[in-house]
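Open the model in your viewer and keep the selection tool at hand. The stops below go one at a time.

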There are 6 protein chains.
Amino acid sequence: MASSRRTPTSYEQFKNFRTTFPAPFVAHVEINRPEKINAFDNAMFREITALFDLISHDPNVRVVMLSGAGTRGFSAGLDVMAESTSGPVGTPVETRDFARKAWAVRRHALLYQESVNALERCEKPIVCLLHVVTFGAAVDFATAADVRYCTRDVKLCVREIDAGLAPDVGTLSRLPKIGVPYSWAKEIIYSAEVVGGEEAARIGLASKVFNTKEEMVSSALAWATNVASKSPVAVQSSKALWDFSRDRPVADGLLYTAAWNSAMVLSDDVRKAMTSGLKRTQPTFEKL
Amino acid sequence: MASSRRTPTSYEQFKNFRTTFPAPFVAHVEINRPEKINAFDNAMFREITALFDLISHDPNVRVVMLSGAGTRGFSAGLDVMAESTSGPVGTPVETRDFARKAWAVRRHALLYQESVNALERCEKPIVCLLHVVTFGAAVDFATAADVRYCTRDVKLCVREIDAGLAPDVGTLSRLPKIGVPYSWAKEIIYSAEVVGGEEAARIGLASKVFNTKEEMVSSALAWATNVASKSPVAVQSSKALWDFSRDRPVADGLLYTAAWNSAMVLSDDVRKAMTSGLKRTQPTFEKL
Amino acid sequence: MASSRRTPTSYEQFKNFRTTFPAPFVAHVEINRPEKINAFDNAMFREITALFDLISHDPNVRVVMLSGAGTRGFSAGLDVMAESTSGPVGTPVETRDFARKAWAVRRHALLYQESVNALERCEKPIVCLLHVVTFGAAVDFATAADVRYCTRDVKLCVREIDAGLAPDVGTLSRLPKIGVPYSWAKEIIYSAEVVGGEEAARIGLASKVFNTKEEMVSSALAWATNVASKSPVAVQSSKALWDFSRDRPVADGLLYTAAWNSAMVLSDDVRKAMTSGLKRTQPTFEKL
Amino acid sequence: MASSRRTPTSYEQFKNFRTTFPAPFVAHVEINRPEKINAFDNAMFREITALFDLISHDPNVRVVMLSGAGTRGFSAGLDVMAESTSGPVGTPVETRDFARKAWAVRRHALLYQESVNALERCEKPIVCLLHVVTFGAAVDFATAADVRYCTRDVKLCVREIDAGLAPDVGTLSRLPKIGVPYSWAKEIIYSAEVVGGEEAARIGLASKVFNTKEEMVSSALAWATNVASKSPVAVQSSKALWDFSRDRPVADGLLYTAAWNSAMVLSDDVRKAMTSGLKRTQPTFEKL
Amino acid sequence: MASSRRTPTSYEQFKNFRTTFPAPFVAHVEINRPEKINAFDNAMFREITALFDLISHDPNVRVVMLSGAGTRGFSAGLDVMAESTSGPVGTPVETRDFARKAWAVRRHALLYQESVNALERCEKPIVCLLHVVTFGAAVDFATAADVRYCTRDVKLCVREIDAGLAPDVGTLSRLPKIGVPYSWAKEIIYSAEVVGGEEAARIGLASKVFNTKEEMVSSALAWATNVASKSPVAVQSSKALWDFSRDRPVADGLLYTAAWNSAMVLSDDVRKAMTSGLKRTQPTFEKL
Amino acid sequence: MASSRRTPTSYEQFKNFRTTFPAPFVAHVEINRPEKINAFDNAMFREITALFDLISHDPNVRVVMLSGAGTRGFSAGLDVMAESTSGPVGTPVETRDFARKAWAVRRHALLYQESVNALERCEKPIVCLLHVVTFGAAVDFATAADVRYCTRDVKLCVREIDAGLAPDVGTLSRLPKIGVPYSWAKEIIYSAEVVGGEEAARIGLASKVFNTKEEMVSSALAWATNVASKSPVAVQSSKALWDFSRDRPVADGLLYTAAWNSAMVLSDDVRKAMTSGLKRTQPTFEKL
């Protein structure tokens, strides 16, 4: 089942991310820099933004799996070495003025945040597959995905405190919103404590925990294949509406949902889905 | 214990809902269309709005139990057959213009949303009792209740994706707000997966799980009877203040609470409750 | 390790709170009125505000442990007896006008709320240590802390309903926000049910549960000592950014974080932390 | 000026409001209790809610003019005499408990607020025509309309302060939002000062001022007739989108607008309007 | 004009502010450092906070007039000379770490903001009387008042840009909210342009403009005396409800208003005011 | 008037926009398609986004003037002809499914909104110079600028209603926020009425009105040159902080401002500006 059946040229432009299509309408993105445990350098932040913006409008993709290549981990987060020569901390800033240095830092942080936002902004659901090393920025990306699976041997760590700074590209803004207990979250963030897979699942950060990466990928593919068989109008609308509602009062979520669905409910997908439901056949939905 | 001790005429106007009063100040509302597994047709959406608006101001009610009649389930959700002849999807709309069709759909969705809102707007706490089939709109109603109990054999399903549409009468706006892990929620919503009672309890969607519907109803009645013995000013204020706070910053929740309680703290109930607490007697509170 | 190594005069002004410094940069605040199970009278509400405002800017404190003196409990909450002679309920108000009485009650509630807010407003992380009696206002304070530990024998109770009033100094505004299931929370609030330690941990209200108060304090001290060894810029920024994000859309959390960190990322702490990380030495951070 | 060409039975059920149709798709609602200067009693609050909910979905109405019958004024606001026998202040409340009295007052205020909200909730634009006496609740209604015209001799007064209470059915929530200077607004509210037509226009509260009521009605009819000739999809969408945006960040207004218009832009009205624009003919739009 | 009839000792503690009572229930606060054109040093920021917090709960005050002593101006804003030796810019900060300097600046800004907030937080309405020099921080205070009057010769200037910084104690947060055109406001802020009295009135920043300071004070006293004769419950509630509504959706403003007024409408003031209205007598309201 | 002294290659890539530099740090952007009255086709929406994103970070620009080339007008808005062949309305969409068409429309609207947002997102202040034809999308851009000047002969028109649709790329979300009276705004929007320069100025939409385009450009250049001589840290911070505050409660604006300025107040610009102020010399600020 899992062989790549279509690899459009455009996906090949990304040096550090390998995208395959293990099932119809399912894209599998691998962070592909295993020799650095998939740590992110400056270029990768830009690449992942472009990649997920591409996926977002690609009618051939309905669900995305995001994992880290290799056995050592999902991602070691920010590549501190690379960053120390090119990032906001290490760059030989051309100014001695504090305000201008700070201004440059802020512009840089906003760019990195946009890379993480690209996962949330992507119209298609993303399941993030976490194994072994999952540090720092890796958690920022994971919290911006829709669904999280992990292996028993995952080593989740909001590690920024140990680098002398507060996480600033997503974790501190999203973790309070995705249904994990605050007492637990603050405990591990302030101490930069490493969290294992059982605990991640118990606490609700991940919805499933697996013995091996292979089992995890396989289970994710089964889920993704299932979701990819549903109406993309229905699935993608659900992602958009959930994420809007998360940040707003229930009354606003309802208004937005009613406006959104005023068009979507008129889709042929509804008729097809209902007919298939009655006939117990598999509907075929137009691309989106 | 459970016989109806007072059935005001007004509650008898509702064809598809049976309301009994198994204990003082406790109303038990049953969705009463077991032959269709309590599926909601158009008229029932209107009825439930009127019913809960009636309960909201009924001084003889302090707590509400909401369950589904029969053994087959709490509710199968929207009655698709009925809807296909009279609802926004099936109605022979008198226009060929897309915008006007969409406008009609939106008006319809807002009406259905109001039915679900009626549970949240109801001044009295509601415990929702879920058994076996609990599909689609049934989940919208359940998430709008205050407390959820379920049986081990419950089959909870946010089923709309399988009908080719995103849920639009409440679930997508309330589920992100009631303290369940997002990873789990999005996983089951996108896949229209069926959730059992153990899982619902583990995840926090329900606070108690029971072996049988009878045990569930009996336990709910004990809880309801207890709550009904408390000051209704205190209980109903708590519902109002919690729901306001859910959607707003902590600072706003505090301001609203202080304004609200400026009157309520002066209630005789406070004096009565404190006196009874000291004397270990059961206070009698005036109706509200 | 645990003996008090520095007790500045200013901390001695607080009659009902004992502050010790069991480890460098760790303050341990004990509610110190064990003969009343640490119940809060009017003066104590004022004292705790001043105490945490002092701690907030004390460069010698980086983490705070908050516990109740004695074996009977963390705190019995509002001292109803004291309140009935001096509080908003009991005070012989000099007016017979309802509106003016209500106005006085509101002013009073805002003052009490400020005492609870002082914990959230305190720049330093607070771990709250709950044992046995933890009633009413005690829960308001606990939910305003960052981390909660409890003993197996804790008796948590949002008890206000039994006093004839809705909780109004914090619980109803903060409990909906800290990642506990709503069904569970509303169930226990309306019924004023007592919750044990296992349940508090299972539900996520507390992140750890202990067999004895001593174990709890000891474990908390180990955690606090660890956190106190980290960059205070990083730790305190994380508290500020998390709390801001909790109440606002993700996009606003991100903007605020970027603005905040534009200065903080330029801290020497980042360089020190990174260097120490590489050299595996323990960095020494300047006070804050 | 066109006389009333259609008076559906349903509009005749309203005793205190006269609805005529002076031009195609234009409804003219008159508050019709001139002997009391159109003061609102309890029944009228209920009537106006039902009336505007009816208009909201009436496909034969596209714009609404709201004025007061007779020469003495638009409306004297709340009929204090009537209220003193049946309203929240005057009703012989069946309780001596302050909290329960307050509860009744709040329920009552919410009902009155709903009457005012009915104007904002009405899908069709409303121009409110103010002459001479425009006191108290009259201002609440006026601020909930879309457009305000007034005569030179109007006597606008937020009069509640002189009745010993803060306005509570809309003015204090809407006046801060409709583009009038705060310094001016607070000055006249605290002093219950009467404002004339020139001042109302200068300050932006009204967009036009007229010498006589007749001129005002005539000018309003010309404007309404013009608006009624436009696409109702476009006009009603604009009202909905403006009102949503008023209360939310620009970014949310944009998102909602994009979702809303995703259906509406596909309307035949766009094609018709564009074709007519090129051919300089008058398009005919389907009802909505 | 009425001379000061009561000067409680407590008001005499403030060195730089002179408080007199020119009419019953009217306090007149003068910034009293004319030799420095009433510029604010560090101590004055603390004093004005304490002063307005005192006024806020003083039952003998119902309205406040705020003006600057002397002929040279309302206030020159921040005393840059004083600040350069003791403020966040000039203070010899004991650290060389940029993050810690920034942290100190932020704490300082929050303190200054609190001084400005004290005017908004003050329960009593404040009319701010601006003449000649009204620079920088003076505008922050003015925008936090309820009503603004000015003289023709006022020289209003948001001057911070010319000091190399963005205004950060209130103007940038409040000016967008008080009903002035944005195009005008941004034009003068970016250019640090001086605005005269006619323009301030035309644009709505001030609601009245006067030829002389004496006329302005006299007119303000007449207004204040009038407002002071009204029900303080009604007036102070109006301030609280307006300010809450300003920052929130209309629906939230309405909810808060209904909760607030549930107590206040039951005031004796309502009965007294209505009776007096009928009898055309002057009611006497209890203190608040 | 200063001729263009520097035209970086990068600005020459934009076919339809001419950027000159009439004074140090002042960029003048002209919409340069006068033969179509500067109407926007699809490509121009993309160009203007890229152009303002370039300006936003260009250290050689501190203020931007935006005008329309030629004598016929600022811009005729959307080029309906071009749009009818390539835009969301005219494109031969490859689907017959209503939901998918609507989805495409929404994606398109979001793209156009982003073009308008680019003006607001641009770090530098923008003064928008409106003459003669200023229709539809032209108003969307104008309301997203900081300052608006216009000529007496401007013909402002929110024209979308006459095209059968509600404005959806900015006007309906921003016009309610920039300090114009709602009654006036809704009156002209629903009727697609043309507004002249005197009226635009009276109502506050523009802050200055001129007899000729030349006078307007000349006056704008004087203002821009003045602003460009100020600290760019101060000016750009003010834009950022005002825009953040517009959409949020005052309290949030204050918090954000304090965090932002914690770095910015430490700028050398403050020292330079203060020194220059005392010495009455012209400071030179580092680029930003």
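Which residue stands opposite F:Val64 in S3(F)? It is F:Ala27. This is a predicted model, in which local features need pLDDT of at least 70, side-chain atom pairs count only at pLDDT 80 or more, and totals for chains, interfaces and linings use all residues. Residues are numbered from 1 along each chain as its sequence is written, while chains are lettered from A and ligands numbered from 1 in the order in which they are written.

Select strand S3 (residues 63-68) of chain F: 6 of its 6 residues are buried, so the strand is largely enclosed by the rest of the structure. Buried means that 20 or more other C-beta atoms, placed from the backbone, lie within 10 Å of the residue's own. Strands (E, at least two residues) and helices (H or I, at least four) are DSSP runs, numbered from the N terminus.

Next, go to helix H9 (residues 232-246) of chain E. From first C-alpha to last, H9(E) reaches 21 Å. Of its 15 residues, 14 are buried, so H9(E) is largely enclosed by the rest of the structure.

Finally, show chains A and B together. Here 37 residues of chain B are in contact (C-beta atoms, placed from the backbone, within 7 Å) with 45 residues of chain A. Helices H3 (98-121), H5 (171-174) and H6 (182-191) of chain B each give two or more residues to the side that touches chain A.

Note on methods: Two residues are in contact if their C-beta atoms, placed from the backbone, lie within 7 Å. The expected span of a helix is 1.5 Å times one less than its number of residues. A residue is buried if 20 or more other C-beta atoms lie within 10 Å of its own, exposed if 12 or fewer, and partly exposed in between; C-beta atoms are placed from the backbone. Two strands pair if DSSP finds at least two bridges between them.
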